[in-house]
Amino acid sequence: MMGFLTEMLSGGGNNALIAPEKALPGRQQKMANIEGSNHLVLGTKLTRIPEGHKVAVFANGCFWGSEKGIWRLPKGIYSTTVGYCGGFTPNPTYEEACSGLTGHTEGVRVVYDPGQVSFVDILRWFWEAHDPCAGMGQGNDRGTQYRSGFYYFDDDQKALIEASKDVYEKQIGRPITTEIASASDYEKYGGLWYYAEKYHQQYLASPGARPYCSAQPQGISLASMDTWDISDDLKKKYAPTLPESFWSKHAPKKGCSVVNSPNELIAEGSY
């Protein structure tokens with residue numbers, strides 16, 4: 001995760017995304033000790049997707065803090081995991097991803113109940129929890145493995161991601177560099193998502209964890225969904241479930257404050 005480690009592993013500081021044909025070959029073997037494991041905080045199965053639940057995959061810098069911010073949402077999050085997404089090498093290791101030779105970025109996979117938490121709430125946390133204008137990196141962590149990205153699984157997700165990006169870009173006043181792509185684009189490389197090593201899962205809730213986070217929230221609240229250029233049907237279907245009182249108290253603060261927050265979920269009565 002740390003920038004100095006990235007540089008030691010060589011290649012990770014490169015700002016050019018590797019071409020697919022030059023990426024490392026990878027392997028067929030899946031990451032060990034993930035299947036059957038439970039979330040350290042939520043107690044749920046890491047790989048399970050219960051009936052009626054949805055998946056969101058995004059990347060916004062060091063995945064330790066990115067994951068923690070999402071698992072703390074007060075309701076609707078079944079599980080979170082960290083891994084490598086948007087690349088070309090099947091089943092990469094951490095060292096390989098950090099080398100910049102797999103094309104992956106450090107990401108978070110969220111399994112959520114859309115009846116309890118809207119995709120728009122997850123999307124809003126994503127935008128506000130980092131600097132989406134930072135190109136290939138966040139803070140001191142530089143390289144393609146730290147680039148911002150959001151990967152959609154259906155047309156609704158695509159429309160919401162793109163509409164919110166357009167609005168937030170105007171609010172920030174700088175070009176947003178977030179990679180927006182379909183999960184299906186990566187099927188020819190083995191898939192969008194590969195789980196990271198077990199020791200990275202819920203790292204910030206692990207005993208002795210180093211409180212590190214490279215993300216750079218800008219302290220700018222995403223404008224109301226009413227201002228987005230989307231259909232009324234989408235606005236109704238994906239209306240936020242978290243009230244503004246939640247965001248007023250618990251939104252990501254400028255800098256990176258999530259590492260010092262409690263591991264437990266944000267209590268619904270706290271806002």
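In this predicted model, helix H4 has the following buried residues: Phe 119, Val 120, Asp 121, Ile 122, Leu 123, Arg 124, Trp 125, Phe 126, Trp 127 and Glu 128. The helix as a whole is thus described as mostly covered, with 10 of its 10 residues buried. At its N-terminal end, H4 is capped by Ser 118, which places a side-chain oxygen 3.0 Å from the backbone nitrogen of Val 120.

In soluble globular proteins, nonpolar side chains tend to be buried together. The largest nonpolar core of this structure contains 54 residues, and those touching the most other members are Val 110, Phe 119, Ile 122, Leu 123, Leu 160 and Trp 228. Helix H4, spanning residues 119–128, gives the most to this core, contributing seven residues. Another core lies apart from it and has 14 residues, including Ile 34, Cys 85, Ala 183 and Tyr 186.

Leaving aside residues up to four places away in sequence, Phe 119 touches Ala 56, Tyr 112, Phe 150, Gln 157, Leu 160, Ile 161 and Tyr 238.

Met 31 is found in the loop between helix H1 (3–8) and strand E1 (54–59). Is Met 31 buried or partly exposed? Met 31 counts as partly exposed because its relative accessibility is 22%, whereas buried means under 20%. With residues up to four places away in sequence not counted, Met 31 touches Asn 91, Pro 92, Tyr 195, Ala 196 and Glu 197. Met 31 and Tyr 195 are 164 residues apart in sequence, yet their C-alpha atoms are 6.4 Å apart in space.

Notes
Residues are numbered from 1 along each chain as its sequence is written. This is a predicted model: local features need pLDDT of at least 70, side-chain atom pairs count only at pLDDT 80 or more; totals for chains, interfaces and linings use all residues. Side-chain values use heavy atoms; hydrogens and water are left out. A nonpolar core is a set of buried Ala, Val, Leu, Ile, Met, Phe, Trp, Tyr and Cys residues joined through side-chain atoms within 4.5 Å. Buried means under 20% relative accessible area, exposed over 50%, partly exposed in between (1.4 Å probe, protein chains only). Helices (H or I, at least four residues) and strands (E, at least two) are DSSP runs, numbered from the N terminus. Contact means heavy atoms within 4.5 Å. A polar contact is a pair of N or O atoms within 3.5 Å; within protein, one must be able to donate a hydrogen and the other to accept it, and residues adjacent in sequence count only if both atoms are side-chain atoms.
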